[in-house]
Amino acid sequence: MILNFAPMNSTTSPNARIGVLLVNLGTPDSPNTPDVRRYLNEFLTDGRVVDMPAAIRYPLFQGLVVPLRAPKSAKIYKELWTERGSPLLFHGLDLQARVQEALGEHYLVAFGMRYQKPSIEKALEELRAAAVERIIVLPLFPQYASASTGSVQEKVMDLVKDWWVVPSISFISQFATDPGFIATIVARGRAEMDKQHYDHVVLSYHGIPERHVKKGDPTNYCRFGSCCDTLTPQNQYCYRAQCFATSRLIAAGLGLQPEQYTVAFQSRLQSRLRDPWLQPYTDEALKEFPAKGIKNVLAFSPAFVADCLETTIEVGEEFKELFESAGGQHWQLVPSLNSEPQWVEAVAAMVRRN
Ligand SMILES: C=CC1=C(C)c2cc3[nH]c(cc4nc(cc5[nH]c(cc1n2)c(C)c5CCC(=O)O)C(CCC(=O)O)=C4C)c(C)c3C=C
Ligand SMILES: [Fe+2]
Ligand SMILES: [Fe+2]
């Protein structure tokens, strides 16, 4: 009898699939106060988002900050809500379906949220049940921050550590300069610029405390100045430097000179500690524009790939009101990438390259 010990092909079956896990931040189940409260409780007690000792964070946020904030946030979520629910959720599900179509049957694409539903746990279980060969995790945050990407990475690792067979996992931890990502934003911007003339472009990113940048800066490189004007191996995970890198590429794609655009940071959580967040703050910067002769502004939100509270309401409505009451005439938000065909192709390309 001849025994054949030849190794099997490295892909164990012709049907072996690669699992892809797309993750976004999360959103409440409904715009009602109890659901918003549950969402904020989970979000704001994450030690990567609010980096206080747990013994202070939990009582302070669950006992005071969230109960006060939830009814106010619920009002804003009611404005945002659509027939299909929260935009962050339905755009995520649309993206999942379209990326699955683009990648074909050799891949299995799942979608999860870091906070609330659908959970990362459920999405990982779908991939485990399908016996995928390995998993590629793509947190849908272009620029790396511990509060966003880092938190997703921690959650995924925390869940798979308990599996009997721990799968091979890779993380696409940032795509701030990805050509497909940049080209899709540029195309979205051009479509708006073809409709009318703008005096100035604003690129508004989600803010984080400066302290978060310093905690991820082992060589003490960042001074929150011109150090962030170049991406080097030393600052490749600096959120501020990545925001500037994204901005330079968008500006180049749109043919803008440095004086024709402003990079700024929004959504700081006011705290009595008055700890500095990344600056300039968008709401303060835009109030100065009309006095400088800037009356028509095109605003991008390049820290988000899907429309959400931060884009539609904060940039699209609140900043518009602030700008107009300071004397501005026209403020236009460029819609997010959502599940645009060009963006779907860019995501599929990032996955294939991984
Ligand atoms: C300490 C506070 C916060 C940090 C740090 C933070 C970082 C951060 N957030 C996003 C993406 C999103 N944030 C969104 C909403 C949101 N963010 C905070 C606070 C911090 N975020 C709060 C309190 C809220 C809730 C809204 C409110 O009550 O005002 C959203 C929108 C979710 C939606 O349902 O539409 C996104 C997306 C990133 C990428 C990030 C770090 C870079
Ligand atoms: Fe946030
Ligand atoms: Fe820097």
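Which residues of α1 are buried? In this predicted model, local features need pLDDT of at least 70 and side-chain atom pairs count only at pLDDT 80 or more, whereas totals for chains, interfaces and linings use all residues. Residues are numbered from 1 along each chain as its sequence is written, and chains are lettered from A and ligands numbered from 1 in the order in which they are written.

The buried residues of helix α1 are V36, Y39, L40 and F43 (buried: 20 or more other C-beta atoms within 10 Å of the residue's own, with C-beta atoms placed from the backbone). Seen down the helix axis, the buried residues of α1 fall within an arc of 95°, so they line one face of the helix; the arc is that of the directions from the axis to the C-beta atoms. An α-helix has 3.6 residues a turn, so residues three or four places apart point the same way. The cover over the buried residues of α1 includes β1 (18–26), α2 (54–80) and β2 (107–115). Helices (H or I, at least four residues) and strands (E, at least two) are DSSP runs, numbered from the N terminus.

An open sheet of 4 strands has the order β6-β5-β7-β8 and parallel pairing (strands pair if DSSP finds at least two bridges between them). Its edge strands, β6 (261–266) and β8 (330–333), each pair on one side only. Within this sheet, β5 and β7 (residues 296–300) are joined in the parallel sense over 4 bridges, and H200 has V297 in β7 as its bridge partner. Helix α8 (residues 239–254) packs on the sheet and touches β5, β6 and β7, its direction making about 145° with that of β6. Helix α6 (residues 179–193) lies across β7 and β8 and runs at about 160° to β7. Axes are lines fitted to C-alpha atoms, for helices over the stretch in contact, and angles run from 0 to 180 degrees between N-to-C directions.

An unreviewed UniProt entry places the feature "binding site" at H206 and E310. These positions are spread over 105 residues of sequence but cluster in space, with a largest C-alpha distance of 7.9 Å. UniProt positions follow the numbering used here, feature names are shortened, and annotations may be inferred rather than shown by experiment.

H206 lies in strand β5 (residues 200–206) and is buried, with 25 other C-beta atoms within 10 Å. E310 belongs to helix α10 (residues 309–325) and is buried, with 21 such atoms within 10 Å. Leaving aside neighbours within four places in sequence, H206 is in contact with Q266, S267, A303 and E310 (contact: C-beta atoms, placed from the backbone, within 7 Å).

Terms used
A residue is buried if 20 or more other C-beta atoms lie within 10 Å of its own, exposed if 12 or fewer, and partly exposed in between; C-beta atoms are placed from the backbone. Two residues are in contact if their C-beta atoms, placed from the backbone, lie within 7 Å.
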